[in-house]
Amino acid sequence: MPTSLADLPIRRLSPADLTACADLSEDRGWPREEHKWGLLLAAGTGYGIDAPEDKGLAAAGVLTSYGQTASYQPGLTAIGMVLVAERHARQGIGRRLMRHLIAESGDTPLTLHATPHGRPLYEELGFTVTGKAEMVSGHFRPSGTPAGVPTRPATADDLPAILRLDAEVFGLDRTHLLTRLPAFADQIRIAEDRSGITGYAAAWPNMQTHVVGPLIARDTQTAKALIASLAAGTDRPLRTDIDVRHEELLAWVKAHGLEPVAFNAVMTYGIPALPGDWTRRFAPLTVAAG
């Protein structure tokens, strides 16, 4: 039997580990987020270290990869949900798991959203800050849909157009993730004009809130209309993580009831910045997966 944390094997996680992952989140004071964990373990690749003293996890993290290069390697991999059980914290296990995740990714560029607590470790491992997102949350106070930007619920027939727009804006293909969105989200709405879809957004349940993401839109007015239309379809508080460069949208959601919660640093490894068009990328599906 292993005698130290350094000897414990790192193994692949599966959907059968969902409860253990949620328990680990709760152990660190995070929401359990079973719904989000289920998506990540299905669309991504989870890795974990089993705790030596019980059936729980000592640590876990998830890789979610996108796109494909000419050599059949992913174009980008997001690292998310890196957690270490409180009883095993500050013993190097998080660093060891991160080194494993980086090694498993090979030459693929990496990205992650870092809390202030986690940022020093990621910088030590070679990640650099290339952006920032602000989490906001609260009950949205409507004041009418922004003029001239109608929205409607998405249908199955809209999926090909959503995938094309998303790949153009995100910079890489996310089909394997977005095809899970109709079952994962409670609402998906689109904005369109005569040329086709100009934006889309989803609202998915996370504990007592609805998280708005992804949020892809031609401009800020379209982003506002999508958020307002999603808010009209739920009584729950909204939560989202907006790129701080979208100052007008952040000011607007705060004026409509959403309060600042926290900032996360957007970090990359192996690339100077994220691919795609940030001017139309307002919020990720989840900070754990980009």
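Reader: Is Met207 buried, partly exposed or exposed, and at what relative accessibility?

Author: This is a predicted model, in which local features need pLDDT of at least 70, side-chain atom pairs count only at pLDDT 80 or more, and totals for chains, interfaces and linings use all residues. Residues are numbered from 1 along each chain as its sequence is written, and side-chain values use heavy atoms, with hydrogens and water left out. Buried means under 20% relative accessible area, exposed over 50%, and partly exposed in between (1.4 Å probe, protein chains only). Met207 therefore counts as partly exposed, at a relative accessibility of 37%.

Reader: Where is Met207 placed, and which other residue is in strand β4 (residues 76–84)?

Author: Helices (H or I, at least four residues) and strands (E, at least two) are DSSP runs, numbered from the N terminus. Met207 lies in the loop between β9 (196–206) and β10. The residue placed in strand β4 is Met81.

Reader: What is the phi of Met81, and is Met81 buried or exposed?

Author: Most residues other than glycine have a negative phi. Met81 has a positive phi, near 55°. With a relative accessible area of 6%, Met81 is buried.

Reader: How far apart are the end C-alpha atoms of helix α3 (residues 93–104)?

Author: The expected span of a helix is 1.5 Å times one less than its number of residues. For the 12 residues of α3 this gives 16 Å, and the end C-alpha atoms agree, being apart by 16 Å.

Reader: Which residues are joined by a cis peptide bond?

Author: Most peptide bonds are trans. Here, a bond with omega of about 0° is cis, and it joins Gly213 and Pro214.
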